[in-house]
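Have a look at the model, then read on.

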Amino acid sequence: MNRNNSNNINPWSWIPSLYFAEGMPYIVVMSVSVIMYKRLGLSNTDIALYTSWLYLPWVIKPFWSPFVDLLKTRRWWIVAMQLLIGAGLAGVALTLQTTYFVKGTLAFFWLLAFSSATHDIAADGFYMMGLNENQQAFFVGIRTTFYRVAMITGQGLLVVAAGYLENSPVSLHLSKIASSNSISAAWSISFILLTILFLLFALYHKFRLPTAKDDIESATMDIKSIFSGFKETIVVYFNRKDIWIIVAYLLFFRLGKAQLLKMATPFLLDSHQMGGLAMSTSQVGLIYGTFGLIALIVGGLLGGWLASVYGLKRLLWLFVFIMNLPGVVYIYLAYSQTSSLWIIGSSVILEQFGYGFGFTAFSLYMLSISMGPHKTSNYAFSTGIMALGMMLPGMLSGWFQEHFGYPDFFIWVLICTIPGIVMTKFIRIDSKFGIKEI
């Protein structure tokens, strides 16, 4: 057992549930909200603008992480944030039945976003403090797997369930009581179920998370020393020679993909008259949220394995082109407006596989520039800049789509991949980075 674990609780009893709880609110805020608002009749411009703003907590997350270190233990933060996430989910469920549902749900999605980002800080820190180095290495795959299972559950099974409930007797009855419609009632039920899940998570982790000695000691650190160290990490990160190339690459690498990801599900849901594929909510949950995410995971695993064998630098251009080129399938889908689920499903799987495969290079690059004594903080800054690179293009993607129409929008997305491809030429990567030592 881990020497830092004072009550010798088996890691298997809390790591899977902790990282499932970490992944679920993120996917709900970032992806499920888009599908929900689309089904409730919001325009693509409004959906893209409102939901992209929800990236902000992950952009600025590094700047309030010292407070999580300073105030209370990470164990306390985990349980508290899971309760707050549950409250946010309940708020979404309740306000969906009102006439001010857009403002109401957005307010609670903001609460969810900040709670989820804070939960990420606490959970990842607790992982390092609650386990020794050997256990950390062993469970890294376990935590990643359950985080991804949460994504499939949220964007796949939850959306499928909501689609099924949209025309169910339960939703129709609830809509009559609340003077709403069956679609909002269906999503309310779905969020109520998530609320119950997170209340159970908070209760479970209250008793099953170990008490780590280092966690208690870090919560009593001096405020001056914490902020002094935080200032040092900022100076170290932004004082390097190639910082502007790094920042530009992190911002532009997913310029096209950020817009595609935001508009993919609205495109699948929109009617043929609107230029979409007229799929049902359940079909989108199954094809995009389940099979698409599985393809994303498989692509990421294959990319990681190849990078460990041949190294990131050697395969960099392969990663970049495989990530961006499959986006052409959406141009085909937009022009053909096919109703074949096999063609649509195959196209989504191909695009998501390419994204998962190529994103491996992006993740490894962030690791390569985060080496040194402040690697955790440096990586946090990199992920914050990366999130900004998703937020800003995503905000405008809905306007571009409604201005251009779907076919020309997807051509625009392909053009937007050019800056990231060009920037790839200027980044520096050690030729041996990523290769597994034998």
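## Counting ring pairs

Let's start with a rule: two rings of Phe, Tyr or Trp (for Trp, the six-membered ring) make a pair if their centres lie within 6.5 Å, and the pair is stacked when the planes are under 30 degrees apart, edge-to-face when they are over 60, and tilted otherwise. Keep in mind that this is a predicted model. Going by that rule, you get 30 aromatic pairs.

Take tyrosine 330 and phenylalanine 410: their ring centres are 5.3 Å apart and the planes meet at 35 degrees, so this pair is tilted. The two partners come from distant parts of the chain, with tyrosine 330 in helix H16 (residues 328-336) and phenylalanine 410 in helix H19 (residues 406-415), 80 residues apart. Both tyrosine 330 and phenylalanine 410 are buried.

Another tilted pair is made by phenylalanine 400 and tryptophan 412, with 5.1 Å from centre to centre and 45 degrees between the planes. Here phenylalanine 400 belongs to helix H18 (residues 375-404) and tryptophan 412 to helix H19, 12 residues apart. Are these two buried or partly exposed? Phenylalanine 400 has a relative accessibility of 17%, so it counts as buried. Tryptophan 412, at 27%, is partly exposed.

## A cluster, and charges over rings

Rings can also gather in a group. Tyr249, Phe253, Tyr355, Phe359, Phe362 and Tyr365 form one aromatic cluster.

Some rings have a charged neighbour instead. Lysine 72 lies over the face of tryptophan 76, 5.6 Å from the ring centre. Likewise, arginine 143 has its charged end over the ring of tyrosine 127, at 4.5 Å from the centre of that ring.

## The whole chain

Stepping back, the chain has 20 helices and zero strands. There are 438 residues in the chain, and 56% of them count as buried. If you take contacts between residues at least 6 apart in sequence, 83% join residues at least 24 apart. As for the surface, the chain exposes about 19200 Å², and carbon and sulfur atoms supply 69% of that area.

## The nonpolar core

The largest nonpolar core holds 126 residues, and Val28, Phe109, Trp187, Phe191 and Tyr330 have the most contacts inside it. Which helix gives the largest share of this core? That would be helix H1 (residues 15-39), with 15 residues.

Phenylalanine 191 shows what such contacts look like: leaving out residues up to four places away in sequence, phenylalanine 191 touches Val28, Met36, Leu89, Val92, Ala93, Leu96 and Phe109.

## Around helix H16

Back to the helix that carries tyrosine 330. The buried residues of H16 are Val329, Tyr330, Ile331, Leu333 and Ala334. Their cover includes helix H13 (255-269), helix H14 (281-310), helix H17 (341-368) and H19. Just after H16, glutamine 337 takes a positive phi of about 50 degrees.

## Glutamate 22

Helix H1 also holds glutamate 22. With a relative accessibility of 6%, this glutamate falls under the 20% cut-off, so glutamate 22 counts as buried. Not counting residues up to four places away in sequence, glutamate 22 touches Ser116, His119, Asp120, Ala123, Asp124 and Tyr147. Between the C-alpha atoms of glutamate 22 and arginine 148 there are 10.0 Å, with the two residues 126 apart along the chain.

Methods. Residues are numbered from 1 along each chain as its sequence is written. This is a predicted model: local features need pLDDT of at least 70, side-chain atom pairs count only at pLDDT 80 or more; totals for chains, interfaces and linings use all residues. Side-chain values use heavy atoms; hydrogens and water are left out. Helices (H or I, at least four residues) and strands (E, at least two) are DSSP runs, numbered from the N terminus. Buried means under 20% relative accessible area, exposed over 50%, partly exposed in between (1.4 Å probe, protein chains only). A charge sits over a ring if NZ of Lys or CZ of Arg is within 6 Å of the ring centre and within 35 degrees of the ring normal. A nonpolar core is a set of buried Ala, Val, Leu, Ile, Met, Phe, Trp, Tyr and Cys residues joined through side-chain atoms within 4.5 Å. Contact means heavy atoms within 4.5 Å. Accessible areas come from the Shrake-Rupley method with a 1.4 Å probe; for residues, only the protein chains shown count as cover.
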